[in-house]
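User: I'd like a quick tour of this protein. Can you take me through it?

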Amino acid sequence: MYNLLEKIFGLQTSILDYETYAVKCIEKLKVSQDKFLKEFDINSYEKWFYNQDTRLLTLKSEGKEVNFKYFNVGSFSNKSNTWKWSWDNDSVIESNKKQTLEIKKIGLKSNYLKLINGSFESNEVEAWEFAAIALKIGKGLGVYRAVADNQLQIYFVVIEHVNNEVAQKIKDKYVDCDIHESNRIAFVCQHLNKETKVGFEEAFVTIENMELGEDDDFQAWCNECEKIRVKEDGWSDYAIEFADIKLICEKCYFEMKEINS
């Protein structure tokens, strides 16, 4: 009936229908959450860590660890009693909040104001309500709530479990940079820098934020290294010693590339 009215009069679904929608999402959350908590023994872990670049949520306790892929739903502040969707939070990178933009689309379509406004006065009960909606839309395994400094509650939808060995390989692809914090690793010769032009040769053509194959890394070297590499017919022991490859982050890599382009 509502669809017919929308087509004829351009009316939107009544805002009152949000309550019914939210209740259904909460019911689904209760079932999924119970299974999630039991299957992974979630409450037995004492510490939590999340990394926006790797998109991994790691739970740790004495002698054990579990890892998940996740997306950031939003946060509730005990101090200001406000909810903030991750899509409205500049500190959350795009890849960690794109699913919540789908929530916003549903809010716009159905005129659910709580799904449209980025930040507003709220409470802990509603925070779980929003997490339940995100779980339904994101088709996740469950919800994990992390509490920071006893003031900020961050809600994550857990998408999938990641084997610890696989998770470590993902983490090993990232480095903590003094300038840019955590970023994907890159390798350059000792001569490349951000002050002088020395040429920029790459293992393959790259662009920033591009997807890499499992065995690929950003690799570059200067003109002098390239001359020696060609003369040595490849990366001989001498060429490798001359290059003296160093580890940097992806952002530093592309800053060096821009200077030398």
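This is a predicted model: local features need pLDDT of at least 70, side-chain atom pairs count only at pLDDT 80 or more; totals for chains, interfaces and linings use all residues.

User: Which residues have the most contacts inside the largest nonpolar core?

Analyst: Val-73, Trp-83, Trp-85 and Tyr-155, in a core of 25 residues. A nonpolar core is a set of buried Ala, Val, Leu, Ile, Met, Phe, Trp, Tyr and Cys residues joined through side-chain atoms within 4.5 Å. Buried means under 20% relative accessible area, exposed over 50%, partly exposed in between (1.4 Å probe, protein chains only).

User: Which elements give two or more residues to this core?

Analyst: α2 (17-39), β3 (64-77), β4 (82-85), α5 (124-138) and β7 (152-162). The largest share comes from α5, with 7 residues. Helices (H or I, at least four residues) and strands (E, at least two) are DSSP runs, numbered from the N terminus.

User: And what is Val-73 in contact with?

Analyst: Beyond its neighbours within four places in sequence, the partners of Val-73 include Trp-83, Trp-85, Phe-130, Ala-134 and Tyr-155. Contact means heavy atoms within 4.5 Å. Another core, of 21 residues, lies apart from the largest one; Val-175, Ala-186, Ala-220 and Cys-222 are among its members.

User: Pockets next. What volume does the largest pocket have?

Analyst: About 950 Å³. On a 1 Å grid over the protein atoms alone, a pocket is an open set of points where a 1.4 Å probe fits, with protein on both sides within 12 Å along at least five of seven lines; lining residues have an atom within 4 Å of a point. Grid points are joined across faces, edges and corners, and the volume is the space filled by probe spheres set on the points.

User: Which lining residues lie nearest its centre?

Analyst: Asp-53, Thr-54, Arg-55, Tyr-174 and Arg-184, out of 28 lining residues. By class, the lining has 6 nonpolar, 8 polar and 14 charged residues. Ala, Val, Leu, Ile, Met, Phe, Trp, Tyr, Cys and Pro count as nonpolar, Asp, Glu, Lys and Arg as charged, and the others, Gly among them, as polar. β9 gives the largest share of this lining, 5 residues.

User: What about the second largest pocket? How much space lies in it?

Analyst: About 200 Å³. Its lining includes Phe-49, Tyr-50, Thr-54, Lys-171 and Tyr-174. β1 (47-51), β2 (56-61) and β8 (174-177) each give two or more residues to that lining.

User: Switching topic. Is Asn-260 buried or exposed?

Analyst: Asn-260 is buried, with a relative accessible area of 13%. It lies in helix α9 (residues 250-260). Other buried residues of α9 include Cys-252, Tyr-253 and Phe-254. β8, β9 and β12 (246-249) are among the elements that cover the buried residues of α9.

User: Where does the Asn-260 side chain reach?

Analyst: The backbone nitrogen of Val-198, at 2.7 Å. A polar atom of that Asn-260 side chain also lies 2.9 Å from the backbone nitrogen of Gly-199.

User: Last one. Where is Gln-168?

Analyst: In helix α6. Gln-168 is partly exposed, with a relative accessible area of 38%. Gln-168 and Asn-67 are 101 residues apart in sequence, and 9.4 Å apart in space, C-alpha to C-alpha.

Definitions and conventions: Residues are numbered from 1 along each chain as its sequence is written. Side-chain values use heavy atoms; hydrogens and water are left out. A polar contact is a pair of N or O atoms within 3.5 Å; within protein, one must be able to donate a hydrogen and the other to accept it, and residues adjacent in sequence count only if both atoms are side-chain atoms.
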